[in-house]
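Trainee: I have a new structure open and would like to learn how to read it. Could you walk me through some features one by one?

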Amino acid sequence: MIYPYKDKKPTISDSAFIADYVTITGDVTIGDESSIWFQTVIRGDVSPTVIGKRVNIQDLCCLHQSPERPLILEDDVTIGHSVILHSSIIRKHALVGMGSIILDGAEIGEGAFIGAGSLVPPGKKIPPHTLALGRPAKVVRPLTEADLKDMERIRKQYVEKGQYYKSIKTNME
C-alpha cells in the first residue's frame, strides 16, 4: 500500500520492485532498480527517507525517522531481513545483516558490513570496509576480498531478483 501523508507522497522509480504487502507512506524516495520486499514498512511521516539506486530492503524491515533527522540509504546498499533503520545514514555498498537495529544519527561507512543481530547505537560511526557486530556493535576487523565479493554477489542477485519479480507482477496485473 502506498499512502500520502499530509502534503507528502512517496516517489518511486518506475524500475523499482515493490512487493505485495509492503507499506510506504509520506516523504519517501526510492531509486532505480531498488527492491522493497514482502511485509516491509517504510514510513516517511516524520522526516524524509531517501533510498538510492539498486538498494534491496529485504522482507519484514521497518524504516522510520525522528524529527529533523532523515533516513538515507545511498546506492547499492543491502538491508537484510527484519532490520530496523531509524534516522541513520547507510553509505553506498554497505550491508546490514538480518535482524540488526541501526539507531538515530548512526552512520554505516561505505562498503561496511554489519553482522546479523547487531545493534548500532545512536551516533555511532562504523568505518568504511569493516565488519562490525554485536550489541552494541563493535568493529572486529577489516573486510577481506572474499567478504567484498560476497557482498557484491548479494547486491547483484537482489537487483536481478527484483527485476524478475517486477516482470511477473507487471504481467499479472
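Predicted model: local features only at pLDDT ≥ 70, side-chain atom pairs only at ≥ 80, totals over all residues.

Trainee: What do the side chains of Arg155 and Glu152 form?

Mentor: Here is the general idea: side chains of opposite charge can pair when their charged atoms come close. In this case Arg155 and Glu152 form a salt bridge, with their closest N and O atoms 2.4 Å apart.

Trainee: Is Arg155 buried or exposed?

Mentor: Arg155 has a relative accessibility of 8%, and under 20% means buried, so Arg155 counts as buried.

Trainee: How many salt bridges does a search of the whole structure find?

Mentor: Eight. One of them joins the side chains of Asp45 and Arg43, at 3.0 Å from N to O. Asp45 is partly exposed at 21% relative accessibility, and Arg43 is partly exposed as well, at 36%. Another links Arg91 with Glu107, whose closest N and O atoms are 3.0 Å apart.

Trainee: Where do Arg91 and Glu107 lie?

Mentor: Arg91 is in the loop between strands E12 and E13, while Glu107 is in strand E15, so this pair ties together parts that are 16 residues apart in sequence. Arg91 is partly exposed, with 25% relative accessibility.

Trainee: Let's go back to the helix. How does the span of H1 agree with its 28 residues?

Mentor: At 1.5 Å a residue, H1 should span 40 Å, and its end C-alpha atoms are 41 Å apart, which agrees. The buried residues of H1 are Asp147, Met151, Ile154, Arg155, Tyr158, Val159 and Gly162.

Trainee: And how many aromatic pairs does the structure hold?

Mentor: Seven. Take Phe17 and Tyr165: their ring centres are 5.8 Å apart and their planes meet at 35°, so we call the pair tilted. Phe17 belongs to strand E3 and Tyr165 to helix H1, so the pair ties together parts that are 148 residues apart in sequence. Phe17 is buried, at 3% relative accessibility, whereas Tyr165 is partly exposed, at 35%.

Trainee: Which residues form an aromatic cluster?

Mentor: Phe17, Trp37, Phe38, Tyr158, Tyr164 and Tyr165 form one cluster. Look at Tyr158 too: the charged end of Lys161 sits over its ring, 5.0 Å from the centre.

Trainee: Which residues make the nonpolar surface patch of about 440 Å²?

Mentor: That patch is made by Tyr164, Tyr165, Ile168 and Met172. Met172 lies in helix H1 and is exposed, with a relative accessible area of 67%.

Trainee: What should I look for in the backbone?

Mentor: Now compare Glu68, whose phi is near 65°, a positive value in a residue other than glycine. Glu68 is in the loop between strands E8 and E9, and is exposed at 75% relative accessibility. Asp76 also has a positive phi, of about 60°, and is found in the loop between E9 and E10. Asp76 is buried, however, with a relative accessible area of 13%.

Trainee: Which peptide bond is cis?

Mentor: The one from Arg135 to Pro136 is cis, with omega near 5°. You will find Pro136 in the loop between strands E19 and E20.

Key: Residues numbered from 1 in each chain as written. Heavy atoms only, no water. Phe/Tyr/Trp six-rings, centres within 6.5 Å; stacked < 30°, edge-to-face > 60°. Helix = DSSP H or I, 4+ residues; strand = E, 2+ residues; numbered from the N terminus. Buried < 20%, exposed > 50% of the residue type's maximum accessible area, 1.4 Å probe, protein only. Lys NZ or Arg CZ within 6 Å of the ring centre and 35° of its normal. Patch = residues over 30% accessible without salt bridge, like charges linked within 9 Å, V, L, I, M, F, W, Y side chains within 5 Å. Areas by Shrake-Rupley, 256 points an atom, 1.4 Å probe, with all protein chains shown as cover. Salt bridge = Lys/Arg side-chain N within 4 Å of Asp/Glu carboxyl O. Expected span 1.5 Å × (residues − 1).
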